[in-house]
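Notebook open, model on screen. I'm jotting down what I look up as I go, starting with a loop residue.

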Amino acid sequence: MTKSELKTDKIGDRAIVVGGSIAGMLAARVLANHFASVTIIETDKLPENPDVRKGVPQSVQPHILLTKGYRILEELFPGLGSQLSAAGGLTIEWAREFHHFGYGGWSASADASDIISFTCTRPLLEWAIRQRLSNFSNVQFFEKRRVTGLLSNGKRITGVCLHSISGSDQEHLPAELVVDASDRRSQAPKWLESLGFTPPSETVVDPFLGYATRRYREPNPPSWKVMLISQSPPNGTRLGYLARIEGGEWIATLGGYGRDFPPLDNEGFLDFARSLPSQKFYEAIADAEPVSPIYAHRATTNRLRHYEKVMLPEGFVCLGDAVCALCPVYGQGMTVSALSAIILRDWLNDPHSRLANGSYISSRFQNSLAKSNSLHWALATAQDSRFPTTQGRKLPGRMSKLMAWYTKRLLVKTSSDATLHILLIEVAHLLKSPLALYHPSVVLRVLRRNT
Ligand SMILES: Cc1cc2nc3c(=O)[nH]c(=O)nc-3n(C[C@H](O)[C@H](O)[C@H](O)COP(=O)(O)OP(=O)(O)OC[C@H]3O[C@@H](n4cnc5c(N)ncnc54)[C@H](O)[C@@H]3O)c2cc1C
């Protein structure tokens, strides 16, 4: 921690974070204000440059940074945006520079707004955060080590058991608080069960969505920074996402719901692009020079672990994708991790979170997190459930059919109404509640006949 950021309200000797990715690092940033030492345990050797790594297989895929997430990142690491710019990341004004095609039309063009974030690769963003976190003298990364279990005194979690990746060396590391941020593959439910605690139940909604992604050299800078041709449920399973990124490149992603997976060969990739409901995506990449292979990703299931419903031992909490992994199309994951860090901060600062013996009440954190996650979960699963092929979907009742009709009409209207286009972006970027879409003045705009 730099001197100016060092606070004196330390409440414990050591906190351990399992997983050194976005959720883990943001949690560590918050914990650094409260613990003398914060140890992040990470399976991978962390690259010195913005490179792809094995432990985050989705890092070759596009990562939209929502404005809400970006604002939290700036709050936790002031000046992070300048650092991203210096490394080649591009600022994006979403109202003006995001071109969206949905339900037969392109959104109306809008004036500049303050809905701003960055478009860059996922490795660049992760690297920038890691650089900033490395400046904190009380945060250490333990690389090339895998956490394989939790330690307990029967009542509370007292540390972790870890193995080095290269050999069988086993180590026990004590801590007053363990934070699991080891993503959707997290083994924490098994670790808790092996210690006699009840593991959380899970809700799973699988849209069987597959991505195929390739990078291209940018031919000419276009007027947009991000172009999206959306899926249109229940029958329009295909989508295309094209974004300008650092290094004068584009990242181009095709997606297909309900196992309509995009092909991984050049010709098939281009054919799939040509089949999208607008030709603009295909025309942009048809003659562009590819600079990467085509990478597939199919682990896109929505998975919610209900830690708020079990009696958790003190000294352990869980966040990020390990609790709430969302279908990536809505670009919420990293922002949900950022919001988790803010909830962690509030929990640590709240005197009601502590027992008389000083230990923290884990269930209070998991309850607050579950409340926050419920919105993001509802948003992703309601949209995915509109495809009949989605497994675990909630069958639409009369109300959700009405809402689907309204949402479709709203999307159609965004092609002629810039105010609605901006409002939709604000909701998608988690700056406004979805309830804003049902304000009487908005409903009137949506229902009004075009003149
Ligand atoms: C295809 C795809 C596209 C996505 N697109 C977007 C997007 O556009 N926008 C967005 O905001 N989000 C997106 N996401 C989600 C985003 O990647 C995650 O939400 C985000 O990375 C936060 O996840 P996390 O930190 O919880 O886990 P991860 O980023 O998956 O990292 C988990 C870390 O834990 C480490 N680890 C795991 N087990 C152990 C262990 N036992 N011991 C030590 N270390 C361990 C791993 O090596 C890894 O570093 C996408 C996800 C996918 C799959």
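**Two loop residues.** I began with R259, which counts as exposed because it has 12 C-beta neighbours inside 10 Å. My cut-offs for burial: buried means 20 or more other C-beta atoms within 10 Å of the residue's own, exposed means 12 or fewer, and partly exposed is in between, with C-beta atoms placed from the backbone. R259 sits in the loop between strand 16 (249-256) and helix 7 (266-274). Its phi is near 65°, a positive value in a residue other than glycine.

Then I went to L430, another non-glycine, with a positive phi of about 60°. Is L430 buried or exposed? It counts as buried, because 24 C-beta neighbours lie inside 10 Å. I found L430 in the loop between helix 12 (418-428) and helix 13 (440-447).

**Ground rules.** This is a predicted model, so I keep in mind that local features need pLDDT of at least 70 and side-chain atom pairs count only at pLDDT 80 or more, while totals for chains, interfaces and linings use all residues. Residues are numbered from 1 along each chain as its sequence is written. Helices (H or I, at least four residues) and strands (E, at least two) are DSSP runs, numbered from the N terminus.

**Domains.** I looked up the domain assignment (automatic or from a database). It gives domain 1 (3-63 + 125-203 + 304-382), domain 2 (87-120 + 206-297) and domain 3 (398-447). The centres of domain 2 and domain 3, taken over C-alpha atoms, are 23 Å apart. Domain 2 puts 14 residues into the contact and domain 3 puts in 14 residues; a contact here is two C-beta atoms, placed from the backbone, within 7 Å. Which elements give two or more residues to the domain 2 side? They are helix 4 (94-97), strand 4 (98-102) and strand 5 (105-106). I sorted the residues on that side into eight nonpolar, six polar and no charged. For that sorting, Ala, Val, Leu, Ile, Met, Phe, Trp, Tyr, Cys and Pro are nonpolar, Asp, Glu, Lys and Arg are charged, and the others, Gly among them, are polar.

**Strand 14 and its partners.** Strands pair, by my rule, if DSSP finds at least two bridges between them. H100 has L228 as its bridge partner in strand 14. With strand 15 (residues 238-245), strand 14 pairs antiparallel over four bridges, and V226 stands opposite A243 there. Both faces of strand 14 are covered: V226 and L228 are buried on one side, M227 and I229 on the other. As a reminder to myself, side chains in a regular strand alternate between the two faces of the sheet. In the loop between strand 14 and strand 15 I found P234. The peptide bond from P233 to P234 is cis, with omega near 10°.

Next I traced an open parallel sheet, order 7-2-1-11-19. Strand 7 (139-142) and strand 19 (316-318) are the edges, each pairing on one side only. Neighbouring strands are turned by 20° against each other on average, direction ignored; axes are lines fitted to C-alpha atoms, for helices over the stretch in contact, and angles run from 0 to 180 degrees between N-to-C directions. Strand 1 (residues 12-18) and strand 2 (residues 35-41) share six bridges, with R14 partnered by S37. Helix 1 (residues 22-31) packs on this sheet, touching strand 1, strand 2, strand 7 and strand 11 (177-180), and its direction makes about 170° with that of strand 2.

Strand 8 and strand 9 (residues 157-164) are joined by seven bridges, and L151 has G159 as its partner.

**Helices 2 and 9.** In helix 2 (residues 67-76), the buried residues are T67, K68, G69, Y70, I72 and L73. They pack against helix 3 (80-86), helix 4, strand 6 (116-119) and helix 9. In helix 9 (residues 333-349), 13 of the 17 residues are buried, so it is largely enclosed by the rest of the structure.

Key
Expected span 1.5 Å × (residues − 1).
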